[in-house]
Amino acid sequence: MKKIITSLFLFLLLLKIEAQQEVQMADEMNSNGKIYVVVAVMITILIGITLYLVRIDRKISKLEKNK
Amino acid sequence: MFMNHDAELVTKNNKLKLKQKILALVKKDVLLEIRQQYSFYGILLYIIATIFVLYIAVQEPETKVWNGLFWIIQLFICINAVAKSFLQESKGRMFYFYSIASARDFILAKLLFNSAFMLLMSLMSLFLFSLFLGNPIQKATQFIGLVLLGGWGLSLVFTFLAAIAAKANQNAAIMAILGFPIIIPQLLLLMKLSNSVFSYSSSIALPTVLLIVALDILVIFLATILFPFLWKD
Amino acid sequence: MATPKDYMQKQWWKILSIVLLIYTFIAGLLMPVPRIPQLQETIRNLYFHVCMWFAMMILFTISVINAVKYLRNGLLVFDIKARQYAVVGIVFGLLGYLTGTIWMSYTWADPNNPAYASFSSIAREPKLIGAAIALLVYFAYLILRDSIQDLDKKARISAVYNIFAYTLLFPSIWILPRLLPSLHPGKEGNPALNFNDISPTMRLVFYPAVIGWTLLGLWIATLKIRLKILKEKIILP
């Protein structure tokens with residue numbers, strides 16, 4: 001009886017592992033923190049573009065005042 | 001009481017006038033067409049020539065190709081048939097119409113005339129198509145109905161676009177550029193519908209037909225609202 | 001000279017846009033997402049690719065509103081606005097189209113299946129056809145504008161076409177996905193995507209992302225409009 005239960009339990013565990021393996025995600029990248037590198041790069045690009053836009057905005061404001 | 005009655009009478013009168021005006025404008029278009037027969041025969045020759053070229057190129061195609069070719073040819077015939085409706089009007093003549101008719105009457109008359117003209121041309125091209133490229137149609141009456149519906153829809157959209165193109169330097173090429181993206185969905189609907197006439201087993205989906213009719217009504221509605229802005233110069 | 005406080009009060013939406021976008025980039029990459037086969041980690045593209053479509057449609061809508069305004073009161077400012085919003089909308093649409101083709105060729109389309117090897121097999125996707133139609137309409141709009149010399153006539157006729165095409169565009173975007181077979185998720189519902197498919201945690205990022213991207217588009221458009229108005233100062237009343 002005990003054997004059956006343990007084997008059933010192992011079987012269920014196996015099923016669960018298999019179900020998880022079915023969908024591969026970038027779990028490793030999340031766990032070792034490399035994902036933050038990606039975030040940092042993207043945020044830097046975004047901020048760079050923003051600063052550029054702000055600069056253009058300021059320039060146009062100046063031009064509008066000169067009129 | 002009297003006022004009310006008077007007002008009613010006036011609106012009735014106006015409605016009558018509107019009808020008469022539109023009919024008069026349509027009559028003028030018909031008369032023009034009869035006088036200058038070269039344009040009518042020109043379109044006719046265009047249909048015959050294209051279908052003959054197709055006949056030489058593909059002879060008797062399978063039903064799917066037949067269907068696709070038929071609607072594409074329909075599209076080009078419509079562009080050619082409708083384009084002239086505004087392009088042929090000279091500036092002076094437009095000015096004259098401007099002084100005697102309202103914009104709404106004018107566009108409604110044009111829509112009416114072009115629809116009738118396109119229906120005629122659709123039937124003609126259907127006849128020639130089945131003559132030259134074989135006749136895979138199993139349900140003839142239904143397909144004729146579809147052809148008329150399609151021709152009507154195409155003519156409505158392109159009439160309005162012709163009005164726009166006439167203002168843009170009388171350029172007929174621009175009409176195609178403006179029209180193709182708008183007409184694609186309607187053409188797809190028509191092709192899908194007409195696929196069912198090639199076999200006895202499948203039947204025409206009524207909701208789709210109603211959808212096309214609704215689209216056509218939408219086009220008429222938009223045309224009457226927007227045309228006055230194109231009209232004044 | 002406006003004080004910084006004034007500036008902040010008037011420009012709050014630009015700051016909001018950037019804050020929301022920063023939030024999108026951080027949360028979009030770090031928040032847990034549902035494990036869906038095939039899509040896997042690429043589901044995060046939802047925060048970027050789908051937002052392009054939303055921004056495009058909103059910008060086109062604003063363009064049409066300005067076209068209507070122009071027809072009502074005939075001020076050339078509204079024509080300038082209508083044109084610039086349409087142009088920025090086109091930019092977002094092109095980005096959406098490009099990212100859509102990239103995303104779908106690696107997910108729904110089976111890379112081992114030779115039928116998916118060519119671009120034409122991917123471009124057959126009804127969503128992409130709908131988007132391509134919207135883009136073609138606005139390209140045609142720009143060509144129409146350029147073909148007319150007279151300023152008032154140009155503004156009036158292109159406004160008419162803008163309204164006409166936009167009104168017919170909506171039924172077609174609604175019809176097309178129901179007509180053709182599609183691989184796109186959520187094909188029976190909303191043209192863009194089925195909102196029931198997204199898990200609640202994804203919504204927390206998705207809605208702010210849409211607002212953020214749209215506001216960014218609006219910012220760029222307003223910059224272009226202001227520049228154009230400066231240039232055309234002479235002809236404007």
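These legends go with close-up views of a predicted model, taking in chain C and its contact with chain B.

**View 1. Chain C on its own is helical, with eight helices and zero strands.** Helices (H or I, at least four residues) and strands (E, at least two) are DSSP runs, numbered from the N terminus. Going along the sequence, you read α-α-α-α-α-α-α-α. Of the 237 residues in chain C, 54% come out as buried, meaning under 20% relative accessible area with a 1.4 Å probe.

**View 2. Chain B meets chain C through 26 residues from each chain.** Contact here is heavy atoms within 4.5 Å. The two chains bury about 2600 Å² between them, and 83% of that sits on carbon and sulfur atoms; buried area is the accessible area (1.4 Å probe) lost on putting two parts together, summed over both. On the chain B side, P181(B), I182(B) and F229(B) lose the most area to chain C, together 19% of what that side buries.

**View 3. Three helices of chain B, α6 (140-167), α7 (172-194) and α8 (206-231), each supply at least two residues of the side touching chain C.** The biggest giver is α7(B), with ten residues. By class, this side has 21 nonpolar, one polar and four charged residues, where Ala, Val, Leu, Ile, Met, Phe, Trp, Tyr, Cys and Pro count as nonpolar, Asp, Glu, Lys and Arg as charged, and the others, Gly among them, as polar.

**Notes.** Residues are numbered from 1 along each chain as its sequence is written, and chains are lettered from A in the order in which they are written. Local features need pLDDT of at least 70, side-chain atom pairs count only at pLDDT 80 or more, and totals for chains, interfaces and linings use all residues, while side-chain values use heavy atoms, leaving out hydrogens and water.

How values were computed
Buried means under 20% relative accessible area, exposed over 50%, partly exposed in between (1.4 Å probe, protein chains only).
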